[in-house]
Protein chains: 2
Amino acid sequence: MPELRHYTVIGAGALGGFYGCRLQRVGHRVSFLVRSDYIHVRQHGWRVDSKDGDFTLPTVDIYRTAEELPPADAVIIGLKTTENHQLPQLLRTSMKPDGVALVLQNGIGIEEKVAEIVGRDRVIGGCCFLCCNKIGPGHIHHLDYGTIGMGELTHDGKPAPISERLQSIANDFIRAGIHIELTDDLRLARWKKLVWNIPFNGLSVLLKAETNEIVGDPDLEQVVRNLMAEIVRAAAADGRTIDQAFVEQMIAYTKVMTPYRTSMRVDYDQGRPLEIEAIFHATLQIAESLGVDLPLVESLYRELAFIDRKMRG
Amino acid sequence: MPELRHYTVIGAGALGGFYGCRLQRVGHRVSFLVRSDYIHVRQHGWRVDSKDGDFTLPTVDIYRTAEELPPADAVIIGLKTTENHQLPQLLRTSMKPDGVALVLQNGIGIEEKVAEIVGRDRVIGGCCFLCCNKIGPGHIHHLDYGTIGMGELTHDGKPAPISERLQSIANDFIRAGIHIELTDDLRLARWKKLVWNIPFNGLSVLLKAETNEIVGDPDLEQVVRNLMAEIVRAAAADGRTIDQAFVEQMIAYTKVMTPYRTSMRVDYDQGRPLEIEAIFHATLQIAESLGVDLPLVESLYRELAFIDRKMRG
């Protein structure tokens, strides 16, 4: 049996922590770069309360600085995108020469920025549909879902067949009980994620509302649909077709989903910077470069930018 | 010297109270229909703190129900538009046979609804640019401005020369120290008021922000401009030209204005229903009837409708 892949998680918040713990639980060596919870996790390990079954990991391979990290086969980037200015320093020594970076962040255009640091042939992207919060030091609460839409950054940004490497990394996650949807078109997956992320992250902060309140209100459901229609239009200009059935599915899923504070809402409630650049501004910049006007997304972005600035004083 | 016109104020909140007090102060008989402050005002009269000079009116001709009101020459409608379902009952007995209704409410299309009650030749409309709050029972605080753009509802809704009656009523206000801008086109005045009211009332509630915060933020100034552009577009389809200089003037005025909680924000803070039907929904209905799409106004309306419903449980 070949040696299991060594993973490192950079940015071990709720999302990075959850996937890292699941990989360690099935036997992978997983190194965690942890900042705020370092002392707690070093002493007590991780605790994961999950709808798939609770578990603890008493012993954790944990580090406080990137310099101490042993080079890994795959580095999971679970940082908030608002911390991405740290990536050049964090990725420099944490990957083996043939290692890959697995970008599990929100937004669009992030893989391209990671590629500038580690090279374009070493980047995999994952869109996570995960309802997960950190509810205490080293304590993760997994409420629902967990699927990752995973694809490789190709050289020309166009769809390409699934590589052996991508399939092999996906298999690690599948063995860890994570549902993986492989895609030959990472860019399309990013656009699809934005169809959900832009309305629900945005409105949850703008209106201090939970996902079920948003889709449960006829006016807000229409606002969601109008925002989604703009994303679909921008994706189309980028050569990616998102059909109406996908839009309906996103709304239907959200209606039956456990009421949920979005990641941006959690950031807002905890006074952390909002991920508006990666999710909203990057979208608007791509749309602008394609000659597409997104007036509703732009308004929402500007309103959130005001909220973000005001919150941070 | 002819007898001075007898006014009645229906809805003696900050706005109705302020103008009524100014008219009484220069000698008019002014009857006030007062609900919540009735006992206080009956005992202590009105107190007006104004940037134009403070004054009190110890004796007030005050009524608790419309049935008791003596018929007046002119009835000032200062009610919140959310109470307009009461107008048929309130106006039935409060006007002399040749009396006029003076609609000082927010929104568009209100004069037409009052005309259905009292007849189309008995309605004057006024757009108030007034910064005024009620800060205690019978206690009005006038912070800034006070101008009324005043015009007559014409039979065909088209501009018409200023009538003697309109000029005469305007003169009453002018003698009371109120700046009046007479207009031969009430509809245009209503559109112009919406250019300010829609962005600033809407965003002040959506973002819990004061007017100076809104125009002081580069992102929100752009949101304001985009909303204003939609109103200008709808007005144009309605045959009314609003030039860019007016838009710039509204923004410049707001920048130098005393920081101000808009009337909708005050309503929100006090848990009162928001005037979204008269200000937003009526605008959207007119635009729709003219075949004009206002996506930003529509989103803001729907978001406010959610806030309004949530606030009222």
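Q: What makes the two copies related as by a two-fold rotation axis?
A: A rotation of 180 degrees superposes chain A on chain B, with 0.0 Å of shift along its axis and an RMSD of 0.0 Å. The copies are therefore related as by a two-fold rotation axis. In chain A, the C-alpha nearest the axis belongs to A:Leu296, 3.2 Å from it.

Q: What kind of model is this?
A: This is a predicted model: local features need pLDDT of at least 70, side-chain atom pairs count only at pLDDT 80 or more, and totals for chains, interfaces and linings use all residues. Residues are numbered from 1 along each chain as its sequence is written, while chains are lettered from A and ligands numbered from 1 in the order in which they are written.

Q: How do you know that the copies meet through the same surface?
A: 100% of the interface residues of chain A are also interface residues in chain B, so the surface is the same. Here 16 residues of chain A are in contact with 16 residues of chain B. Contact means that the C-beta atoms, placed from the backbone, lie within 7 Å.

Q: Which helix gives the largest share of the side of chain A that touches chain B?
A: H12(A) does, with eight residues. Helices H8 (218-237) and H12 (295-311) of chain A each supply at least two residues of that side. Helices (H or I, at least four residues) and strands (E, at least two) are DSSP runs, numbered from the N terminus.

Q: Where does chain A divide into domains?
A: Domain 1 is 7-184 and domain 2 is 188-311. These bounds come from an automatic or database domain assignment. Over C-alpha atoms, the centres of the two domains of chain A are separated by 23 Å. Still, 17 residues of domain 1 are in contact with 19 of domain 2 in chain A. On the domain 1 side, strands S8 (123-136) and S9 (139-152) of chain A give two or more residues each. S9(A) gives the largest share, four residues.

Q: Why is B:Ala236 called partly exposed?
A: A residue is buried if 20 or more other C-beta atoms lie within 10 Å of its own, exposed if 12 or fewer, and partly exposed in between. B:Ala236 has 14 such atoms within 10 Å, so it is partly exposed. B:Ala236 is found in helix H8 (residues 218-237) of chain B.

Q: Why is A:Lys208 called partly exposed?
A: A:Lys208 has 15 other C-beta atoms within 10 Å, so it is partly exposed. A:Lys208 is in the loop between helices H6 (186-206) and H7 (211-215) of chain A. Its phi is near 50 degrees, a positive value in a residue other than glycine.

Q: What makes B:Tyr145 partly exposed?
A: For B:Tyr145 the count is 16 other C-beta atoms within 10 Å, so it is partly exposed. B:Tyr145 is in strand S9 (residues 139-152) of chain B. Its phi is positive too, near 55 degrees.

Q: How do you know that both faces of strand S1 of chain B are covered?
A: B:Tyr7 and B:Val9 on one side, and B:Thr8 and B:Ile10 on the other, are all buried. In a regular strand the side chains alternate between the two faces of the sheet.

Note on methods:
Contact = placed C-beta atoms within 7 Å. Least-squares fit on C-alpha atoms with pLDDT ≥ 70 in both.
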